[in-house]
Amino acid sequence: MNFSKWVSLIFILNLFCPTLSFSDSSSSSSSSSNGLTEIPKRFLQLAKRPELFDWMVGIRRKIHENPELGYEEFETSKLIRTELDKMGITYKYPVAVTGVIGFIGTGGPPFVAIRADMDALPMQEMVEWEHKSRIPGKMHACGHDAHVAMLLGAAKILQEHREEIKGTVVLVFQPAEEGGGGAMKLMDEGVLENVNAIFGLHVASNLAVGEVHSKAGPIGAGNGFFEAVISGKGGHAAIPQHSVDPILAASNVIVSLQHLVSREADPLDPQVVTVAKFQGGGAFNVIPDSVTIGGTFRAFSKESFMQLRYRIEEVIRGQAAVQRCNATVDFFTEAKLFYPPTINHKGLHEHFLNVAGDMIGIHKVKDVKPLMGSEDFAFYQEVVPGYFFLLGMQNLTRGRLESEHSPYYQVNEDAFPYGAALHASLAARYLLEYQPEVSFSERKFHEEL
């Protein structure tokens, strides 16, 4: 770091330090080290204030009562904009139909983004409580209502320190994470233009509240879907020699697809091919004309993922032909985007360890075992350095929480201060510690589109 950057860093820390004042100010640590270390601790204290905590809880419950599916989050977006207006935070809207992009700081580089998804799931809530979903067949069963509340909480903390922020924090309220490719649409509209890094989180019902879990490298798999129609010739089950049986062909296809992982994939490179759909025939004594099968395939590297895609189609067509059938294969490349693997940036992992360790203690910052689930945050990571982590919310003294996408899913709101403070701290510390040499044209984003 050159002399001018050191001067800039010390100046900013001197601005932060009076705000982040503590009783143990007699510490002998340098102002730079002490100031950076204290920011996460102080932000957590702010997030735990009853007025801020209760406000986040209230926001989350309003959103939970009115769940909206991908690209339909109009009321959720309106609530977000109302709160940003109250805080005096400028934003762009609409972006990708219902998305909201807020800005805190100087309005100039460097830019760091923090993201929350907004959409709900098409399922009926079975939890009986005061704030149960009021929309039949729709439910926030993946914690996105909590994600929005925590990002707004972070915005409130950062806005209180806007004069000390050197650079710009970009608040990304994203639509349509649940299969709609909302992240991709946001990028198509230039949301990440000039952004140097992006952070995101997901609440985790199986991890202890007050803990965070993540790692460098792959933490989530790339995900794709496929459907195949295998066509033969129907006929009476008593005279199969006059038919071409697509059920037999489909059965051979399914068995052969399992060999792609067990016999073709590197055992040290986890992959999954699952056939979860099999439709064909409606009578006990009739061989149908066709059978439809479908499923998902997943891998932790783009190369393995694309190899699976190629081989799935080849195996389906080949095995169908062996049984004298024809097959068509659809990968839904337009309706259902391929989700790339979620791969955390190594440098941002070190940043995360430092910030989270300073806030909650390094013993509560743990490695996560990579999951075969997918997350569209990965689209951002293909464009800019990105980091995604899991926020624990389990408190076994209150009973075990159901997993995501369950109709009995519940959120432990005690996790909110940790999520809000981590969002704010990761962004603020990034802007203090990383001052890249950038020369971007001036951007205007104060108007509502």
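**Notebook: core, rings and cysteines**

I began with V169 in this predicted model, and, leaving aside its neighbours within four places in sequence, I found V169 in contact with G102, F103, I104, V112, I114, L158, A427 and L431.

I then looked up the nonpolar cores: the largest has 76 residues, and V169 is among those with the most contacts inside it, together with L84, L152, L171 and F173. Helix 11, residues 416-433, gives the most to this core, with 12 residues. Apart from it lies another core, of 26 residues, among them A113, V172, A183 and L390.

Next I turned to the aromatic rings, where the count came to 12 pairs. I noted that F352 and Y387 form a tilted pair, 4.9 Å centre to centre with 35 degrees between the planes. This pair links distant parts of the chain, since F352 lies in helix 9 (residues 346-360) and Y387 in strand 16 (residues 386-394), 35 residues apart. Both F352 and Y387 are buried.

I also looked up F377 and F388, a tilted pair at 5.1 Å centre to centre and 40 degrees between the planes. F377 lies in helix 10 (residues 377-381) and F388 in strand 16, so this pair ties together parts 11 residues apart in sequence. F377 and F388 are both buried.

Elsewhere I found F226, F297, F305, F331 and F338 linked into a cluster by ring pairs, and R309 lies over the face of F331, at 4.2 Å from the ring centre.

Last, I checked the cysteines: the structure holds zero disulfides, while C142 counts as buried at 8% relative accessibility and C325 is buried at 5%.

Note on methods. Residues numbered from 1 in each chain as written. Predicted model: local features only at pLDDT ≥ 70, side-chain atom pairs only at ≥ 80, totals over all residues. Heavy atoms only, no water. Disulfide = S-S within 2.5 Å. Buried < 20%, exposed > 50% of the residue type's maximum accessible area, 1.4 Å probe, protein only. Core = buried A, V, L, I, M, F, W, Y, C linked by side-chain atoms within 4.5 Å. Helix = DSSP H or I, 4+ residues; strand = E, 2+ residues; numbered from the N terminus. Contact = heavy atoms within 4.5 Å. Phe/Tyr/Trp six-rings, centres within 6.5 Å; stacked < 30°, edge-to-face > 60°. Lys NZ or Arg CZ within 6 Å of the ring centre and 35° of its normal.
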